[in-house]
Amino acid sequence: MGAERAQERERERERERERERTLPRIRLDLPRERRSRLLPEYDPEAFGRLSERIARFLGTGRFLVWMTLTIVVWVLWNIFAPTPLRFDEYPFIFLTLVLSLQASYAAPLILLAQNRQDDRDRVNLEQDRKQNERSIADTEFLTREIAGLRMGLGEVATRDWIRSELQDLIKEMEERRDGHRDLFPPGGDHRSDVPDR
């Protein structure tokens, strides 16, 4: 009976090992393996950075100068060059196609760059808003602390208050002394009854 159980356990372990070999083990602590894709992969951040560089260049005077020079050379070449060397005759249809193609790519690249800038601005705005909330909370906390200190200082004896209290005591003592002049004559001997030690 014990031998049969041991054999059954051994068969169960063998079946478990077979299952592990056939099914890939999925571990949550490891990243999944990359799947092969039919379409080529690209890094959206790299493409976004490239689009921002292109959009920045399209918005410069240098681009306008180069584009103007290219068009002028194109037109002059196709007007004054020998006939066999001309590649785009007078209505300049090929030039129109090239400019349309450039515009059709420039517009989405500029929009992509603007969207990325909007995303950065949104993140910066959110960070600024959180910083402002923290600053307001800190300011309110410090205001409450200062108010508490002022209330606490209201109960503390200040130099002016002690001075006024001492002046009141001196006046009161002078008034008492004036009221008891007969007990202490001004020219009398004020020696103590207790002998010096």
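Predicted model: local features only at pLDDT ≥ 70, side-chain atom pairs only at ≥ 80, totals over all residues.
**Entry 1**

I began with helix H3, residues 61-80, and helix H4, residues 93-154. Two packed helices are described by the angle between their axes and the distance between the axes. For H3 and H4 I noted that the axes come within 11 Å and cross at roughly 160 degrees. Angles over 145 degrees count as roughly antiparallel, so H3 is roughly antiparallel to H4. I then looked up the hand of the crossing of H3 and H4, and it is right-handed.

**Entry 2: what meets what**

Which residues of H3 meet H4? I listed Phe 63, Met 67, Ile 71, Trp 74 and Val 75 on the H3 side. On the H4 side I listed Phe 94, Leu 95, Val 98, Leu 99 and Gln 102. I sorted the residues of this contact by kind: nine are nonpolar, one is polar and none is charged.

**Entry 3: Phe 92**

Next I went to the loop between H3 and H4, where Phe 92 has its place. Most residues other than glycine have a negative phi. Phe 92 is not a glycine, yet I found its phi to be positive, at about 50 degrees. Is Phe 92 buried or exposed? Its relative accessibility is 12%, so I put it down as buried; the cut-off for buried is under 20%.

**Entry 4: aromatic pairs**

I counted the aromatic pairs and got four. One of them joins Phe 57 and Phe 63, with 5.6 Å centre to centre and 75 degrees between the planes, and I noted it as edge-to-face. Phe 57 is partly exposed at 35% relative accessibility, whereas Phe 63 is buried at 14%. Phe 63 was already on my list of H3 residues that meet H4.

I then took the pair of Trp 74 and Phe 87. The ring centres of Trp 74 and Phe 87 are 5.0 Å apart and the planes stand at 75 degrees, so this pair is edge-to-face. Where do the two partners, Trp 74 and Phe 87, lie? Trp 74 is in helix H3 and Phe 87 is in the loop between H3 and H4, so the pair ties together parts 13 residues apart in sequence. Trp 74 is buried, with a relative accessible area of 14%. Phe 87 is partly exposed, with 48%.

**Entry 5: the cluster**

Last, I looked up which rings group together, and found Trp 74, Phe 87 and Phe 94 in one aromatic cluster.

Key:
Residues numbered from 1 in each chain as written. Heavy atoms only, no water. Axes fitted to C-alpha atoms, helices over the stretch in contact; angles between N-to-C directions. Helix = DSSP H or I, 4+ residues; strand = E, 2+ residues; numbered from the N terminus. Parallel < 35°, antiparallel > 145°, perpendicular 65-115°, else oblique. Left-handed = near helix turned anticlockwise from the far one by under 90°. Contact = heavy atoms within 4.5 Å. Nonpolar A, V, L, I, M, F, W, Y, C, P; charged D, E, K, R; others polar. Buried < 20%, exposed > 50% of the residue type's maximum accessible area, 1.4 Å probe, protein only. Phe/Tyr/Trp six-rings, centres within 6.5 Å; stacked < 30°, edge-to-face > 60°.
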